[in-house]
Amino acid sequence: MESSSWFLRAFRKKSKSTGTGTGTGTGTSDKNAQLLQFGITEQLQDFVKGFTLDTFKNFPLLPSDDRPTSISDSSATTSSVNVRNDLSGWQEQHATLVLSTVKEISQLRYALCPRHLKDEQFWGIYFALVKSYLVPYEIRAIQEAKLKMLKMEEGRQVAAEGENAYEVEMIEPKGRHHRSP
């Protein structure tokens, strides 16, 4: 009896965390929205599935200073377990998602790294190959980040102005009170 209740609790917990089972399916729509946010469309997935060992082995390698980089000016970021830290934050998220979504690219990376290519070279080649698919998504992410920063700065300015106005209100009544006697 105990083992069956343990199994049910474990199943319910897993269903809630993955968005499967008796839930409303919002986990799936959240995952799809995240994939779309990072440019992982069906067209990109089909294109990436066409990559072969030769696609990467025969790609002309660029010196490390000339390798394809992110559109953003971000330098090295903290890396997740499966992705190099020389990618921008957006590229790192994209790489993590594409590895978990497109099994062919994950298998290809396993076959190539580190025997034939360094991980840095693999991702440099990958992003050079998929650049035309990803540019609009990366630009949108950069624009959204800038808007978010501007809104935060506006919020700080409004809060600072509000604090100053509050101080003025507190000072004015005191000043008037002292003059009247």
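**Exercise 1. In which helix is Gln-45 found, is Gln-45 buried or exposed, and which residues does Gln-45 contact?**

Solution. 
- Step 1. Gln-45 sits in helix α3, which covers residues 42–49. Helices are DSSP runs of H or I with at least four residues, strands are runs of E with at least two, and both are numbered from the N terminus.
- Step 2. The model is predicted: local features need pLDDT of at least 70 and side-chain atom pairs count only at pLDDT 80 or more, while totals for chains, interfaces and linings use all residues. Residues are numbered from 1 along each chain as its sequence is written, and side-chain values use heavy atoms, with hydrogens and water left out.
- Step 3. The relative accessible area of Gln-45 is 17%, so Gln-45 is buried. The cut-offs are under 20% for buried, over 50% for exposed and partly exposed in between, with a 1.4 Å probe and protein chains only.
- Step 4. Apart from neighbours within four places in sequence, Gln-45 touches Ile-40, Thr-101 and Val-102. A contact means heavy atoms within 4.5 Å.

**Exercise 2. Describe the protein chain as a whole: its secondary structure, its buried share and its contacts.**

Solution. 
- Step 1. The protein chain has eight helices and zero strands, in the order α-α-α-α-α-α-α-α along the sequence.
- Step 2. Of its 181 residues, 24% are buried.
- Step 3. Among contacts with a separation of 6 or more, 69% are between residues 24 or more positions apart.
- Step 4. The accessible surface is about 13,100 Å², and carbon and sulfur atoms hold 55% of that area. These areas come from the Shrake-Rupley method with a 1.4 Å probe; for residues, only the protein chains shown count as cover.

**Exercise 3. Check the length of helix α5 and list the buried residues in α5.**

Solution. 
- Step 1. Helix α5 runs over residues 89–101.
- Step 2. At 1.5 Å a residue, the 13 residues of α5 should span 18 Å, and the end C-alpha atoms are 18 Å apart, so the two values agree. The expected span is 1.5 Å times one less than the number of residues.
- Step 3. The buried residues in α5 are Trp-90, Gln-91, Glu-92, His-94, Ala-95, Leu-97, Val-98 and Leu-99.
- Step 4. His-94 has a relative accessible area of 0%, and Glu-92 has 8%.
- Step 5. Beyond four places in sequence, His-94 is in contact with Phe-38, Ile-40, Leu-44, Tyr-126, Phe-127 and Leu-134.
- Step 6. For Glu-92 and Trp-123, 31 residues apart along the chain, the C-alpha separation is 9.7 Å.

**Exercise 4. At what angle does α5 pack on α6 and on α7, and which residues meet?**

Solution. 
- Step 1. Helices α5 and α6 (residues 103–112) pack at about 105°, with axes 5 Å apart. Axes are lines fitted to C-alpha atoms, for helices over the stretch in contact, and angles run from 0 to 180 degrees between N-to-C directions.
- Step 2. The angle makes α5 roughly perpendicular to α6. Under 35 degrees counts as roughly parallel, over 145 as roughly antiparallel, 65 to 115 as roughly perpendicular and the rest as oblique.
- Step 3. Val-98, Leu-99 and Thr-101 of α5 meet Lys-103, Ile-105, Ser-106 and Arg-109 of α6. By class, these are three nonpolar, two polar and two charged residues. Nonpolar covers Ala, Val, Leu, Ile, Met, Phe, Trp, Tyr, Cys and Pro; charged covers Asp, Glu, Lys and Arg; the others, Gly among them, are polar.
- Step 4. For α5 and α7 the angle is about 90° and the axes are 12 Å apart, and this pair is therefore roughly perpendicular as well.
- Step 5. Gln-91, His-94, Ala-95, Val-98 and Leu-99 of α5 meet Trp-123, Tyr-126 and Phe-127 of α7. This contact has six nonpolar, two polar and no charged residues.
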